[in-house]
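Subject: Structure handover

Hello,

Here is the structure I promised to pass on. Please have a look at it first; my notes follow below.

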Amino acid sequence: MKNSETKKEKLIVIISTIVLLLLVVGSTFAYYYANFIGNKENHIISGRLEIKFDNESAMNLTDQKPVSDEVGSAIPDDQSYTFDVNSIINGNAQINYDLAFELISNEGITNDDVKINLLKKYVLDGVAKEEYIIGSANTGELVSSLQNRTSSNKYFNEFVLDNGSFTKTGTVSYVLKAWVTGSEDEIKLVLSDSDGVCSDSTYTTKDTCEANNGVWGSSHKIESSSNMSYQFKVILKGGQV
């Protein structure tokens, strides 16, 4: 009788232990499962910026002659510095960015000799927009005048071309045109197709021009610019806020 009761007690203990283990394992599984679901609901927020150039990543002005804003701003897009800024955002995030002008090298051409204008293309509320950030459709600004341009984003301290932000994946496109500028006399001389202009506009005949160390015609401008070059690029910085 006692043996029978002892066996029953052992069986009850074994069953109780198994039930307890199942409860512990079950609650642990439930805890981790709930944790997993909780983490899934908190989306991972991340984002990055990319800059894509349609042409080379640097723009060269070589053997350039001074031209007016009207001529410089009429440069076709396929000869301009065109690029896109792309954002790739996963979740709810905001990425701010700055674009800046960076001079790579120059020989005989300075920031006081080069003008640029910058067109920005983007989509706002489903509507395509275009606006000039620097200059206008027919004018430009000297690169030297951009030195004090900064941004509230503070990614660059000078020569800021534009700043913006993304809250979702998207693209902003830019068209930058650059040209060598000069005085009215220099531009007039370059545009002259005849040997009837002196490098010093004070003199109106070939004899008086050359007698005073002037150069008659437009060939002197081509010769003087043969070794001149100016190379720059646009750089991008940004961050998640």
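A word on terms before the notes: a residue is called buried under 20% relative accessible area, exposed over 50% and partly exposed in between, with a 1.4 Å probe and protein chains only. This is a predicted model, in which local features need pLDDT of at least 70 and side-chain atom pairs count only at pLDDT 80 or more, while totals for chains, interfaces and linings use all residues. Residues are numbered from 1 along each chain as its sequence is written, and side-chain values use heavy atoms, with hydrogens and water left out.

**Overview**

The protein has 5 helices and 10 strands (DSSP runs numbered from the N terminus: H or I of at least four residues for helices, E of at least two for strands). Of its 241 residues, 31% are buried. Taking contacts (heavy atoms within 4.5 Å) between residues at least 6 apart in sequence, 78% join residues at least 24 apart.

**The aromatic cluster**

Rings of Phe, Tyr and Trp (its six-membered ring) pair if their centres lie within 6.5 Å; planes under 30 degrees apart count as stacked, over 60 as edge-to-face and the rest as tilted. By this rule there are 7 aromatic pairs. F101 and F232 form a stacked one, with 4.7 Å from centre to centre and 20 degrees between the planes. F101 belongs to strand β4 (residues 95-107) and F232 to strand β10 (residues 229-240), so this pair ties together parts 131 residues apart in sequence. F101 counts as buried because its relative accessibility is 6%, and F232 is buried too, at 0%. Ring pairs link both into a cluster with Y81, F83, F159, Y174 and Y230.

K154 lies in the loop between β7 and β8 (160-166) and has a positive phi of about 65 degrees, but K154 counts as exposed at 64% relative accessibility. For context, most residues other than glycine have a negative phi.

**Strand β5 and its partners**

Two strands pair if DSSP finds at least two bridges between them. β5 runs antiparallel to strand β9 (residues 170-180), joined by 8 bridges, and I116 stands opposite A178 there. With strand β6 (residues 127-134), β5 pairs in the antiparallel sense over 7 bridges; here Y122 faces K129. In the hairpin of β5 and β6, 2 residues lie between the strands, and D125 takes a positive phi near 55 degrees. Another 2 bridges join β5 to the antiparallel strand β7 (residues 141-142), where L142 is the bridge partner of K115.

Which residue of β5 (residues 114-124) would I open next? N117. At 2% relative accessibility, N117 counts as buried. The side chain of N117 reaches the backbone oxygen of S136 at 2.9 Å, and a polar atom of that side chain lies 3.4 Å from the backbone oxygen of T139. Beyond four places away in sequence, N117 touches residues including Y132, V175 and W179.

Best wishes

Methods
A polar contact is a pair of N or O atoms within 3.5 Å; within protein, one must be able to donate a hydrogen and the other to accept it, and residues adjacent in sequence count only if both atoms are side-chain atoms.
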